[in-house]
Amino acid sequence: QVQLVESGGGLVQPGGSLRLSCVVSGRVFSAYRMGWYRQAPGKQRELVATVGGDGTSNVADSVEGRFTLSRENRNLYLKMDSLKPEDTAIYYCHVTSAGMRYWGQGTQVTVSS
């Protein structure tokens with residue numbers, strides 16, 4: 001019954017910015033970890049950034065200093081600045097709660113001139 005809906009992806013030039021959003025609905029525990037993963041063409045899915053209910057975060061080295069994760073209740077946001085072509089991927093919202101894992105459908109981010 002848990003549903004994650006991402007939005008905000010699109011085409012942006014190198015050095016540009018995007019802001020991704022994820023809205024979570026359904027039955028989940030109040031304290032849960034959520035964040036973003038991404039999968040580039042021909043590559044496996046990798047962690048981008050996550051944040052727990054207590055505010056603790058885990059950010060990939062490749063995006064540290066450029067991406068900012070924020071959480072407001074069941075809404076999760078990823079502000080992406082100084083985007084690089086290497087950031088091109090499908091970005092997936094993810095939630096872990098009580099041992100259960102939930103994924104969104106993904107939103108495409110393309111960084112190209």
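Where does Ser82 lie? Ser82 sits in the loop between E8 and E9, and we'll come back to it below.

## About the model

What you have here is a predicted model, in which local features need pLDDT of at least 70 and side-chain atom pairs count only at pLDDT 80 or more, while totals for chains, interfaces and linings use all residues. Residues are numbered from 1 along each chain as its sequence is written, and side-chain values use heavy atoms, with hydrogens and water left out.

## The four-stranded sheet

Let's start with the sheet: 4 strands make an open one, in the order E1-E3-E8-E7, with antiparallel pairing. At its edges are strand E1 (3-7) and strand E7 (67-72), each pairing on one side only. From one strand to the next, the twist averages 15°. (Strands are DSSP runs of E, at least two residues, numbered from the N terminus; two of them pair if DSSP finds at least two bridges between them; axes are lines fitted to C-alpha atoms, and angles run from 0 to 180 degrees between N-to-C directions.)

Inside that order, strand E3 (residues 18-25) runs antiparallel to strand E8 (residues 75-80), and 6 bridges join them. If you want a spot to look at, Val23 stands opposite Asn75 in E8.

## The disulfide

Counting cysteine sulfur atoms within 2.5 Å as a disulfide, the total comes to 1. The partners are Cys22 and Cys93, with their sulfur atoms 2.0 Å apart. The pair links distant parts of the chain, as Cys22 is in strand E3 and Cys93 in strand E9 (residues 89-97), 71 residues apart.

The torsion about the S-S bond of Cys22 and Cys93 is about -85°, so this disulfide is left-handed. Both Cys22 and Cys93 are buried (buried means under 20% relative accessible area, exposed over 50%, and partly exposed in between, with a 1.4 Å probe and protein chains only).

## Two hairpins

Strand E4 (residues 33-39) pairs with strand E5 (residues 46-51) in the antiparallel sense over 5 bridges, and Arg38 stands opposite Glu46 in E5. Their hairpin has 6 residues between the strands, and Gly42 takes a positive phi there, near 75°.

E5 also pairs with strand E6 (residues 57-59), antiparallel over 3 bridges. Val51 stands opposite Ser57 in E6. This hairpin has 5 residues between the strands, and its Gly55 has a positive phi near 95°.

Most residues other than glycine have a negative phi. Back to Ser82, then: its phi is near 50°, a positive value in a residue other than glycine. Ser82 is partly exposed, at 40% relative accessible area.

Ala98 isn't a glycine either, yet it has a positive phi of about 50°. You'll find Ala98 in the loop between E9 and strand E10 (100-103), and it counts as exposed at 61% relative accessibility.

## Rings and a charge

The structure holds 1 aromatic pair. Tyr37 and Trp103 form it, edge-to-face, at 5.1 Å centre to centre with 70° between the planes. (Rings of Phe, Tyr and Trp, the last by its six-membered ring, pair if their centres lie within 6.5 Å; planes under 30 degrees apart are stacked, over 60 edge-to-face, and the rest tilted.) Tyr37 lies in strand E4 and Trp103 in strand E10, so the pair ties together parts 66 residues apart in sequence. Tyr37 is buried, at 15% relative accessible area, whereas Trp103 is partly exposed, at 32%.

Arg45 lies over the face of Trp103, at 4.5 Å from the ring centre. Arg45 also lies over the face of Tyr92, at 3.7 Å from the ring centre. (A charge sits over a ring if NZ of Lys or CZ of Arg is within 6 Å of the ring centre and within 35 degrees of the ring normal.)
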